[in-house]
Number of protein chains: 2
Amino acid sequence: MLLAGAFREIIDDLHAELDKHGHGEARPLHGFALQAIGPDGATLSELGRRLGVSKQAAAKTAAGLEEIGYITRRPSTQDGRAVVLTRTPRGEEMLNLSAAIFEQIRRTWVRRLGQGRVAAIEDGLAEIVAGSGRAKIGDLPGWIR
Amino acid sequence: MLLAGAFREIIDDLHAELDKHGHGEARPLHGFALQAIGPDGATLSELGRRLGVSKQAAAKTAAGLEEIGYITRRPSTQDGRAVVLTRTPRGEEMLNLSAAIFEQIRRTWVRRLGQGRVAAIEDGLAEIVAGSGRAKIGDLPGWIR
DNA sequence: GATCTATAGACAACCTGGTTGTCTACATCG
DNA sequence: CGATGTAGACAACCAGGTTGTCTATAGATC
C-alpha cells in the first residue's frame with residue numbers, strides 16, 4: 001500500500017503539474033511510451049517489445065499519442081511493412097517537462113525527509129528490484145534514479 | 001519506477017505463492033475487496049465507499065468474488081433494499097494466507113537489506129503518503145493484475 | 001397515514017488498456 | 001523461385017472502471 005500510494009502520489013502530482021503547463025491531455029502511459037520510442041524513433045512492434053506489451057496494444061497507444069500530437073507515424077523507407085513512430089517537438093517538450101517535474105517532486109521529498117532518508121529509500125528499493133530479474137520494468141529507461 | 005517495480009514485485013510474488021496454495025483464481029483486487037468487506041460483512045454500497053469506487057464497480061467485483069466462492073450475498077434483514085456481502089471460510093483462508101505471505105516477503109527483504117533499511121523505507125514512504133489520505137483502492141494504479 | 005426525498009442495487013452503455021486470433025503485405029533465407 | 005517469418009491492420013473479447021437511468025424500499029415531514 002505504501003509503495004502504491006507513493007507511486008500514485010508522484011503520478012498525480014506529475015500530471016497535475018503537466019496540466020498547468022498545457023499538457024492536460026497527457027496520460028501516464030504516454031510518458032512511458034515516449035520514453036520507449038526514444039530519440040531515434042521506433043516501429044510499432046519495436047515499441048511493443050520495449051514496453052513488454054503486444055504490438056496491438058502498442059498500436060492503440062501510438063494512435064493516442066499521435067492524436068494529441070506527441071508523435072508522428074510514417075512508413076519506413078527501409079521496410080515496406082513497417083511504420084516508424086517519431087517524437088514531435090511537443091512530445092519532446094512533454095518529456096523534458098516531466099523530467100523537470102520529477103526532479104521538483106523529489107526536491108519536495110528531500111525537503112520533508114532530508115537528503116539521507118530519500119537516498120535510503122531509493123537505494124533500498126533499487127536493491128530489491130535489481131535482485132528480482134524483472135527485466136520488463138528494468139527495461140524502462142530514463143526515469144529510474 | 002522504483003516504487004512501481006517494488007509494488008509489482010510484491011504483488012507478483014504474492015499471487016505466485018497464493019497459486020501454489022490453491023488460490024490461483026484470486027486476483028489482486030480480491031484481497032483488497034475482502035479486506036474492505038471486513039469480518040462483519042458489508043453491503044454493496046458500503047463496499048464501494050470503502051474502496052473509493054462506484055457501487056456499480058463494487059457490484060462487479062462482488063460478483064467475481066462470489067463466483068470463486070470468497071463471499072456470499074444475501075438480502076439484509078434490516079434493510080429490504082440492501083444486499084449483505086459476507087466472507088466465506090475460503091475467503092478468510094485466502095486473506096490469512098495473504099497476510100502470511102506478505103510477512104514472508106518482508107522477511108526476505110529484511111534478509112537482504114537488514115531490518116534497519118527496510119524500516120527506513122517503510123517509515124519514509126509512510127511519511128510521504130501521510131496527509132494525502134491515499135488509502136483507497138481507487139488510488140491504486142490500474143496495472144495490478 | 002400520505003407523501004416527498006434519499007438511498008440500495010440492478011441494468012445498460014461506454015472508456016481504457018490490455019489480450020488473442022486472423023488476415024494481408026512485405027522481407028528474407030535456402 | 002518458393003518457404004517461412006515478421007509488420008501491422010482489423011475484430012472480438014476481457015477486466016475494471018465510469019455515468020446514466022430505473023425500481024423498490026427507507027426515512028423524514030406534514
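This is a predicted model: local features need pLDDT of at least 70, side-chain atom pairs count only at pLDDT 80 or more; totals for chains, interfaces and linings use all residues.
Residues are numbered from 1 along each chain as its sequence is written, while chains are lettered from A and ligands numbered from 1 in the order in which they are written. Local features need pLDDT of at least 70 and side-chain atom pairs count only at pLDDT 80 or more, whereas totals for chains, interfaces and linings use all residues.

Reader: Which helix gives the most to the surface near DNA strand D?
Author: A residue is near the strand if its C-beta atom, placed from the backbone, lies within 6 Å of it, and helices are DSSP runs of H or I with at least four residues, numbered from the N terminus. Helix 3 (44–51) and helix 4 (55–67) of chain A, together with helix 4 (55–67) of chain B, each supply at least two residues. The most, five residues, comes from helix 4 of chain B.

Reader: Is helix 1 of chain A parallel or oblique to helix 6 of chain B, and why?
Author: Helix 1 (residues 2–20) of chain A and helix 6 (residues 115–129) of chain B pack with their axes, lines fitted to C-alpha atoms over the stretch in contact, 9 Å apart and at an angle of about 45°. Angles between N-to-C directions run from 0 to 180 degrees; under 35 degrees counts as roughly parallel, over 145 as roughly antiparallel, 65 to 115 as roughly perpendicular and the rest as oblique. The angle therefore makes helix 1 of chain A, relative to helix 6 of chain B, oblique.

Reader: What pattern does chain A follow along the sequence?
Author: Chain A has seven helices and three strands, a strand being a DSSP run of E with at least two residues. Read along the sequence, the pattern is α-α-β-α-α-β-β-α-α-α.
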